[in-house]
Amino acid sequence: MPEHHPKVLCEVDTCTHWLPGEVCGAANIDILNEEEQAAESVEHTMCKTFAERRGLANLIGSADNVNWRGAIEAAIMPDRELSPTTTCVVDSCVHWEEGNLCMADEIFVSGSGAKECQDTNCDTFEKKESQ
């Protein structure tokens, strides 16, 4: 069975990985709980991969997590989209699956103008019903 990779859309235009068109250029993003306890709402999630775009040093520092292969494939193959893999530890979400996978078809990361990862959210988060 192939591994599931949701499409990632991102409005966090202050991140070094953000590209026009709400595209994330990171190779992998990490979605975490903002607090130590389980997330109860969208505001309790964050994109830990966020790195504020502050100049050349920050761009170089985040270069180890750039989706170079995806960028090349998207440039030469019109049917390919640039989208990172996703690691999600927010196990209180209906889309979370064992192995820290996100089974949503699409993830939307919000936080336009963010200064730090806590200013970002996974808007796709939906709290699981209590069992």
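**Reading the predicted model**

Tutor: We begin with confidence: pLDDT is the predictor's confidence in each residue, from 0 to 100. In this predicted model the chain has a mean pLDDT of 85, and 76% of its residues reach 70 or more. Because the model is predicted, local features need pLDDT of at least 70 and side-chain atom pairs count only at pLDDT 80 or more, while totals for chains, interfaces and linings use all residues. Residues are numbered from 1 along each chain as its sequence is written, and side-chain values use heavy atoms, with hydrogens and water left out.

Student: What share of the residues is buried?

Tutor: Buried means under 20% relative accessible area, exposed over 50%, and partly exposed in between (1.4 Å probe, protein chains only). Of the 131 residues in the chain, 40% are buried.

Student: Which residues touch the most other members of the largest nonpolar core?

Tutor: A nonpolar core is a set of buried Ala, Val, Leu, Ile, Met, Phe, Trp, Tyr and Cys residues joined through side-chain atoms within 4.5 Å. The largest one has 25 residues, among which V12, I29, I31, V90 and V109 touch the most other members. Strands β1 (7-10), β4 (28-33), β5 (45-47) and β9 (106-110) each supply at least two residues of this core.

Student: With which residues is V12 in contact, leaving aside its neighbours within four places in sequence?

Tutor: Contact means heavy atoms within 4.5 Å. With those neighbours set aside, the partners of V12 include W18, F50, V109 and T120.

Student: Where do E22 and N100 lie?

Tutor: E22 is in the loop between β2 (18-19) and β3 (23-24), and N100 is in the loop between β7 (96-97) and β8 (101-102). E22 has a positive phi of about 60 degrees although it is not a glycine; N100 likewise has a positive phi of about 60 degrees without being a glycine. E22 counts as partly exposed because its relative accessibility is 33%, and N100 is partly exposed at 28%.

Notes: Helix = DSSP H or I, 4+ residues; strand = E, 2+ residues; numbered from the N terminus.
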